[in-house]
Amino acid sequence: MVTSCRVGVDENGLGARLGPLVVTAVLAEVTPAGQAVLGRRLRGKVRQDLDDSKRLVSHSNVTLGEAWARALTRDRCPTPQALFEQLSVEGPASLRRECPRHIERQCWSVEGEGFESSPELCARLTGHLERLRQRGVDVVHVVTASTCTQRLNRARDRGKNRFVSDLHVMEELLLALRQRTSTELVAVCGKVGGMTDYDRFFGPLSGRLHTALQVSRARSSYYFPGLGEVSFVQDADASDALVMLASLVGKYVRELLMARISRFHGSLDAEEQPVSGYHDPRTDDWVTATVQRRRSLQIVDECFERARDSAS
(Lines give C-alpha, C1' and ligand atoms only; values in the text may rest on other atoms or scores of the structure.)
Protein backbone atom coordinates (compact mmCIF):
# COMPACT_ATOMS: atom_id res chain seq x y z
CA MET A 1 0.00 0.00 0.00
CA VAL A 2 1.30 3.43 -0.95
CA THR A 3 1.93 5.62 2.08
CA SER A 4 3.07 9.21 2.49
CA CYS A 5 5.11 10.79 5.25
CA ARG A 6 3.14 13.54 6.95
CA VAL A 7 4.78 15.86 9.49
CA GLY A 8 3.35 18.37 11.95
CA VAL A 9 5.65 20.99 13.48
CA ASP A 10 4.96 23.64 16.12
CA GLU A 11 6.76 25.87 18.63
CA ASN A 12 6.24 26.59 22.30
CA GLY A 13 7.74 29.55 24.13
CA LEU A 14 8.35 31.88 21.19
CA GLY A 15 6.92 34.89 23.03
CA ALA A 16 8.31 34.08 26.47
CA ARG A 17 10.51 36.29 28.64
CA LEU A 18 12.36 33.39 30.30
CA GLY A 19 13.16 29.79 29.49
CA PRO A 20 13.72 27.92 26.26
CA LEU A 21 12.10 28.02 22.86
CA VAL A 22 10.94 24.46 22.09
CA VAL A 23 10.15 23.22 18.59
CA THR A 24 8.56 19.79 18.14
CA ALA A 25 7.95 17.69 15.05
CA VAL A 26 5.73 14.60 14.74
CA LEU A 27 5.98 12.27 11.73
CA ALA A 28 3.33 9.77 10.65
CA GLU A 29 3.19 7.25 7.84
CA VAL A 30 -0.21 7.79 6.26
CA THR A 31 -2.24 5.66 3.87
CA PRO A 32 -4.83 7.12 1.45
CA ALA A 33 -7.50 6.26 4.03
CA GLY A 34 -5.40 8.03 6.66
CA GLN A 35 -5.20 11.10 4.46
CA ALA A 36 -8.97 11.32 4.69
CA VAL A 37 -8.79 10.98 8.48
CA LEU A 38 -6.30 13.87 8.73
CA GLY A 39 -8.29 15.90 6.24
CA ARG A 40 -11.27 16.30 8.51
CA ARG A 41 -11.91 17.25 12.11
CA LEU A 42 -11.16 14.48 14.59
CA ARG A 43 -14.18 12.97 16.29
CA GLY A 44 -15.10 10.79 19.22
CA LYS A 45 -12.99 10.09 22.29
CA VAL A 46 -9.70 11.06 20.65
CA ARG A 47 -11.06 14.58 20.16
CA GLN A 48 -11.24 15.01 23.94
CA ASP A 49 -7.50 14.38 24.24
CA LEU A 50 -6.15 15.75 20.95
CA ASP A 51 -7.01 19.35 20.17
CA ASP A 52 -5.50 22.81 20.36
CA SER A 53 -2.97 22.68 23.24
CA LYS A 54 -4.19 26.08 24.48
CA ARG A 55 -7.57 24.45 25.17
CA LEU A 56 -6.34 21.19 26.71
CA VAL A 57 -3.32 22.16 28.81
CA SER A 58 -2.18 25.16 30.81
CA HIS A 59 0.99 26.41 32.42
CA SER A 60 -0.05 24.89 35.74
CA ASN A 61 -1.23 21.55 34.31
CA VAL A 62 0.58 19.85 31.44
CA THR A 63 -0.32 16.31 32.51
CA LEU A 64 -1.94 15.57 29.15
CA GLY A 65 1.12 16.80 27.27
CA GLU A 66 3.33 14.57 29.41
CA ALA A 67 1.06 11.60 28.78
CA TRP A 68 1.18 12.13 25.01
CA ALA A 69 4.98 12.35 25.15
CA ARG A 70 5.09 9.08 27.09
CA ALA A 71 2.59 7.34 24.79
CA LEU A 72 4.45 8.45 21.66
CA THR A 73 7.69 6.99 23.05
CA ARG A 74 5.88 3.80 24.17
CA ASP A 75 6.23 4.77 27.82
CA ARG A 76 9.71 3.26 28.05
CA CYS A 77 11.40 6.11 29.93
CA PRO A 78 11.62 5.83 33.74
CA THR A 79 12.11 9.55 34.45
CA PRO A 80 11.27 12.93 32.91
CA GLN A 81 14.97 13.47 32.11
CA ALA A 82 15.15 10.14 30.28
CA LEU A 83 11.99 11.11 28.38
CA PHE A 84 13.49 14.49 27.48
CA GLU A 85 16.65 12.82 26.19
CA GLN A 86 14.57 10.35 24.17
CA LEU A 87 12.64 13.19 22.54
CA SER A 88 15.53 15.58 22.01
CA VAL A 89 17.18 15.75 18.61
CA GLU A 90 20.31 17.05 20.37
CA GLY A 91 22.20 15.06 23.00
CA PRO A 92 22.73 16.23 26.61
CA ALA A 93 26.44 16.95 26.14
CA SER A 94 25.74 19.15 23.13
CA LEU A 95 22.91 20.98 24.87
CA ARG A 96 25.18 21.83 27.82
CA ARG A 97 28.31 22.51 25.78
CA GLU A 98 28.28 26.28 26.29
CA CYS A 99 26.80 26.30 29.82
CA PRO A 100 29.05 28.02 32.39
CA ARG A 101 29.72 25.40 35.09
CA HIS A 102 28.33 27.53 37.92
CA ILE A 103 25.08 28.12 35.99
CA GLU A 104 24.45 24.61 34.66
CA ARG A 105 22.24 23.52 37.58
CA GLN A 106 19.83 26.38 36.89
CA CYS A 107 18.63 24.63 33.73
CA TRP A 108 19.61 20.99 34.15
CA SER A 109 18.99 19.98 37.76
CA VAL A 110 16.43 17.16 37.92
CA GLU A 111 15.85 17.46 41.67
CA GLY A 112 12.16 17.20 42.53
CA GLU A 113 11.07 15.92 39.13
CA GLY A 114 8.65 13.07 38.57
CA PHE A 115 5.90 11.98 36.24
CA GLU A 116 2.41 13.26 36.96
CA SER A 117 0.24 11.49 34.40
CA SER A 118 -1.41 8.26 35.49
CA PRO A 119 -0.90 4.83 33.89
CA GLU A 120 -4.58 4.93 32.97
CA LEU A 121 -4.19 8.19 31.02
CA CYS A 122 -1.09 6.93 29.21
CA ALA A 123 -2.94 3.72 28.32
CA ARG A 124 -5.90 5.70 26.99
CA LEU A 125 -3.66 7.77 24.72
CA THR A 126 -1.83 4.65 23.55
CA GLY A 127 -5.26 3.35 22.57
CA HIS A 128 -5.92 6.51 20.57
CA LEU A 129 -2.63 6.03 18.69
CA GLU A 130 -3.50 2.40 17.94
CA ARG A 131 -6.92 3.36 16.58
CA LEU A 132 -5.34 6.06 14.42
CA ARG A 133 -2.88 3.44 13.12
CA GLN A 134 -5.75 1.13 12.23
CA ARG A 135 -7.33 3.99 10.31
CA GLY A 136 -4.15 4.66 8.35
CA VAL A 137 -2.24 7.19 10.48
CA ASP A 138 0.80 5.54 12.08
CA VAL A 139 2.79 8.01 14.20
CA VAL A 140 6.37 6.75 14.05
CA HIS A 141 8.64 9.61 15.17
CA VAL A 142 8.52 12.57 17.55
CA VAL A 143 11.49 14.88 18.08
CA THR A 144 12.03 18.14 19.94
CA ALA A 145 14.68 20.85 19.81
CA SER A 146 15.15 23.23 22.72
CA THR A 147 16.96 26.52 22.28
CA CYS A 148 18.00 28.03 25.59
CA THR A 149 18.02 31.70 26.52
CA GLN A 150 21.78 31.98 26.03
CA ARG A 151 21.55 30.66 22.48
CA LEU A 152 18.62 32.92 21.65
CA ASN A 153 20.50 35.95 22.98
CA ARG A 154 23.66 35.10 21.08
CA ALA A 155 21.69 34.57 17.89
CA ARG A 156 20.07 37.97 18.42
CA ASP A 157 23.53 39.54 18.75
CA ARG A 158 24.32 38.08 15.32
CA GLY A 159 21.21 39.73 13.87
CA LYS A 160 18.87 36.72 14.09
CA ASN A 161 15.69 37.53 16.02
CA ARG A 162 13.60 34.91 17.83
CA PHE A 163 11.26 34.41 14.86
CA VAL A 164 14.15 33.58 12.56
CA SER A 165 15.66 31.30 15.22
CA ASP A 166 12.31 29.49 15.44
CA LEU A 167 12.12 29.07 11.65
CA HIS A 168 15.65 27.74 11.38
CA VAL A 169 15.03 25.13 14.08
CA MET A 170 11.89 24.00 12.22
CA GLU A 171 14.00 23.58 9.09
CA GLU A 172 16.62 21.58 10.97
CA LEU A 173 13.99 19.20 12.37
CA LEU A 174 12.49 18.63 8.92
CA LEU A 175 15.91 17.79 7.51
CA ALA A 176 16.56 15.44 10.43
CA LEU A 177 13.25 13.64 9.89
CA ARG A 178 13.87 13.34 6.15
CA GLN A 179 16.94 11.26 7.02
CA ARG A 180 14.63 8.78 8.76
CA THR A 181 12.28 8.25 5.81
CA SER A 182 12.49 6.76 2.33
CA THR A 183 10.10 9.26 0.74
CA GLU A 184 9.65 13.01 0.65
CA LEU A 185 7.74 14.74 3.42
CA VAL A 186 4.46 16.61 3.42
CA ALA A 187 4.94 18.98 6.36
CA VAL A 188 2.60 21.45 8.04
CA CYS A 189 4.25 23.95 10.38
CA GLY A 190 2.62 26.54 12.57
CA LYS A 191 3.03 30.03 11.14
CA VAL A 192 6.12 31.79 12.45
CA GLY A 193 5.01 35.15 13.84
CA GLY A 194 3.68 37.38 11.08
CA MET A 195 5.91 35.95 8.35
CA THR A 196 4.42 35.51 4.89
CA ASP A 197 7.36 35.39 2.46
CA TYR A 198 9.63 32.75 4.01
CA ASP A 199 12.08 32.88 1.11
CA ARG A 200 13.71 35.89 2.75
CA PHE A 201 14.38 34.12 6.02
CA PHE A 202 15.21 30.48 5.26
CA GLY A 203 18.43 29.27 6.90
CA PRO A 204 19.25 25.55 6.57
CA LEU A 205 16.96 25.39 3.52
CA SER A 206 18.14 28.63 1.91
CA GLY A 207 20.61 27.00 -0.47
CA ARG A 208 18.17 24.38 -1.73
CA LEU A 209 16.29 24.57 -4.99
CA HIS A 210 12.63 25.21 -4.26
CA THR A 211 9.39 26.52 -5.70
CA ALA A 212 6.83 28.73 -3.96
CA LEU A 213 3.44 27.05 -4.30
CA GLN A 214 1.39 29.59 -2.35
CA VAL A 215 2.28 32.71 -0.42
CA SER A 216 -0.48 34.32 1.63
CA ARG A 217 -1.23 35.44 5.14
CA ALA A 218 -3.09 32.21 5.91
CA ARG A 219 -0.71 29.75 4.24
CA SER A 220 2.75 29.83 2.69
CA SER A 221 3.79 26.63 0.91
CA TYR A 222 7.04 25.58 -0.78
CA TYR A 223 8.26 22.49 -2.58
CA PHE A 224 11.87 21.36 -2.10
CA PRO A 225 12.98 18.50 -4.39
CA GLY A 226 14.32 15.70 -2.23
CA LEU A 227 12.73 17.07 0.94
CA GLY A 228 9.09 17.55 -0.01
CA GLU A 229 6.32 20.09 0.51
CA VAL A 230 6.57 22.43 3.49
CA SER A 231 3.63 24.65 4.47
CA PHE A 232 3.40 27.30 7.17
CA VAL A 233 -0.24 27.51 8.19
CA GLN A 234 -2.00 30.04 10.40
CA ASP A 235 -3.61 28.45 13.48
CA ALA A 236 -2.34 25.02 12.43
CA ASP A 237 -2.37 23.90 16.07
CA ALA A 238 -6.16 24.18 16.02
CA SER A 239 -6.73 22.39 12.70
CA ASP A 240 -4.00 19.83 11.97
CA ALA A 241 -3.89 16.70 14.17
CA LEU A 242 -0.13 16.18 13.86
CA VAL A 243 0.57 19.83 14.68
CA MET A 244 -1.73 19.43 17.69
CA LEU A 245 0.36 16.47 18.85
CA ALA A 246 3.58 18.43 18.35
CA SER A 247 2.19 21.37 20.30
CA LEU A 248 1.04 19.22 23.23
CA VAL A 249 4.40 17.46 23.53
CA GLY A 250 6.29 20.74 23.11
CA LYS A 251 4.21 22.38 25.81
CA TYR A 252 5.21 19.63 28.23
CA VAL A 253 8.91 19.89 27.36
CA ARG A 254 8.87 23.68 27.67
CA GLU A 255 7.19 23.51 31.11
CA LEU A 256 9.54 20.75 32.27
CA LEU A 257 12.58 22.91 31.50
CA MET A 258 11.04 26.15 32.79
CA ALA A 259 10.10 24.44 36.07
CA ARG A 260 13.78 23.63 36.65
CA ILE A 261 14.68 27.31 36.45
CA SER A 262 11.79 28.21 38.75
CA ARG A 263 12.72 25.59 41.35
CA PHE A 264 16.38 26.54 41.28
CA HIS A 265 15.64 30.14 42.24
CA GLY A 266 12.61 29.44 44.42
CA SER A 267 8.93 30.15 43.97
CA LEU A 268 6.97 33.16 45.19
CA ASP A 269 4.33 31.17 47.05
CA ALA A 270 3.98 28.38 49.57
CA GLU A 271 2.57 26.00 46.97
CA GLU A 272 5.83 26.21 45.01
CA GLN A 273 4.06 26.61 41.70
CA PRO A 274 6.62 27.31 38.95
CA VAL A 275 6.39 30.63 37.18
CA SER A 276 5.35 30.56 33.54
CA GLY A 277 8.28 32.57 32.19
CA TYR A 278 5.94 34.55 29.96
CA HIS A 279 5.18 38.27 30.14
CA ASP A 280 2.74 38.18 33.06
CA PRO A 281 2.66 39.92 36.46
CA ARG A 282 3.71 36.84 38.43
CA THR A 283 6.77 36.32 36.25
CA ASP A 284 7.61 40.03 36.49
CA ASP A 285 7.45 39.88 40.29
CA TRP A 286 9.54 36.71 40.37
CA VAL A 287 12.27 38.22 38.18
CA THR A 288 12.49 41.20 40.56
CA ALA A 289 12.46 38.96 43.64
CA THR A 290 15.37 36.83 42.38
CA VAL A 291 17.75 39.68 41.51
CA GLN A 292 19.86 39.40 44.66
CA ARG A 293 20.07 35.62 44.50
CA ARG A 294 21.12 35.71 40.87
CA ARG A 295 23.79 38.29 41.61
CA SER A 296 25.16 36.28 44.51
CA LEU A 297 25.34 33.17 42.31
CA GLN A 298 26.81 35.16 39.41
CA ILE A 299 23.99 34.14 37.09
CA VAL A 300 24.63 36.27 34.01
CA ASP A 301 21.64 37.91 32.34
CA GLU A 302 22.56 36.22 29.05
CA CYS A 303 21.62 32.86 30.60
CA PHE A 304 18.53 34.07 32.42
CA GLU A 305 16.41 36.56 30.48
CA ARG A 306 15.89 37.07 26.78
CA ALA A 307 16.95 40.40 25.35
CA ARG A 308 14.24 42.13 23.36
CA ASP A 309 14.67 42.28 19.61
CA SER A 310 13.22 44.59 17.01
CA ALA A 311 10.50 42.07 16.18
CA SER A 312 9.18 41.89 19.78
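These legends go with a handful of close-up views of the model.

**A note before the close-ups.** This is a predicted model, so keep in mind that local features need pLDDT of at least 70, side-chain atom pairs count only at pLDDT 80 or more, and totals for chains, interfaces and linings use all residues. Residues are numbered from 1 along each chain as its sequence is written, and side-chain values use heavy atoms, with hydrogens and water left out.

**View 1. Helix α5 crosses helix α11.** The axes of α5 (residues 80-87) and α11 (residues 241-265) come within 11 Å and cross at roughly 130°. That angle makes α5 oblique to α11. On the terms: helices are DSSP runs of H or I with at least four residues, strands are runs of E with at least two, and both are numbered from the N terminus. Axes are lines fitted to C-alpha atoms, for helices over the stretch in contact, with angles running from 0 to 180 degrees between N-to-C directions. Angles under 35 degrees count as roughly parallel, over 145 as roughly antiparallel, 65 to 115 as roughly perpendicular, and the rest as oblique. The crossing of α5 and α11 is left-handed; that label applies if the near helix is turned anticlockwise from the far one by less than a right angle, and right-handed is the clockwise case. On the α5 side you'll find P80, Q81, L83, F84 and L87, and they meet V249, Y252, V253, L256, L257 and R260 of α11 (contact means heavy atoms within 4.5 Å). Sorted by class, the contact of α5 with α11 has nine nonpolar, one polar and one charged residues. For that sorting, Ala, Val, Leu, Ile, Met, Phe, Trp, Tyr, Cys and Pro are nonpolar, Asp, Glu, Lys and Arg are charged, and the others, Gly among them, are polar.

**View 2. Helix α4 crosses helix α8.** Here the axes of α4 (residues 63-72) and α8 (residues 119-134) come within 9 Å, crossing at roughly 60°. The two helices, α4 and α8, are therefore oblique to each other. α4 passes α8 in a right-handed crossing. T63, L64, A67, W68, R70, A71 and L72 from α4 meet L121, C122, L125, T126, H128 and L129 from α8. The class tally for α4 with α8 is nine nonpolar, three polar and one charged residues.

**View 3. R6 pairs with D240.** The structure holds 22 salt bridges, a salt bridge being a side-chain nitrogen of Lys or Arg within 4 Å of a carboxyl oxygen of Asp or Glu. One of them joins R6 to D240, with the closest N and O atoms 3.5 Å apart. R6 sits in strand β1 (residues 4-12) and D240 in the loop between β7 (228-233) and α11, so the pair ties together parts that are 234 residues apart in sequence. R6 is buried at 11% relative accessible area, and D240 is buried too, at 10%. Buried means under 20% relative accessible area, exposed over 50%, and partly exposed in between, with a 1.4 Å probe and protein chains only.

View 4. R96 bridges to E104, the closest N and O atoms being 3.1 Å apart, and R96 counts as partly exposed at 27%. R97 forms a salt bridge with E98, with the closest N and O atoms 3.9 Å apart. R97 is exposed at 55%, whereas E98 is partly exposed at 34%. R97, E98, R154 and E302 are linked in a network of salt bridges.

View 5. Most residues other than glycine have a negative phi. R74 has a phi near 60°, a positive value; R74 lies in the loop between α4 and α5 and is exposed at 63%. Q298 also has a positive phi, near 60°. Q298 belongs to the segment after α13 (291-296) and is exposed at 56%.

**View 6. G136 and its neighbours.** G136 is in the loop between α8 and β3 (137-147) and is buried, at 8% relative accessible area. Leaving out residues up to four places away in sequence, G136 touches E29, V30, T31 and G34.

**View 7. The buried residues of helix α9.** In α9 (residues 149-157), the buried residues are T149, Q150, L152, N153 and A155. They pack against β2 (21-30), β3 and α10 (162-178). After α9 comes G159, whose phi is positive, near 95°.
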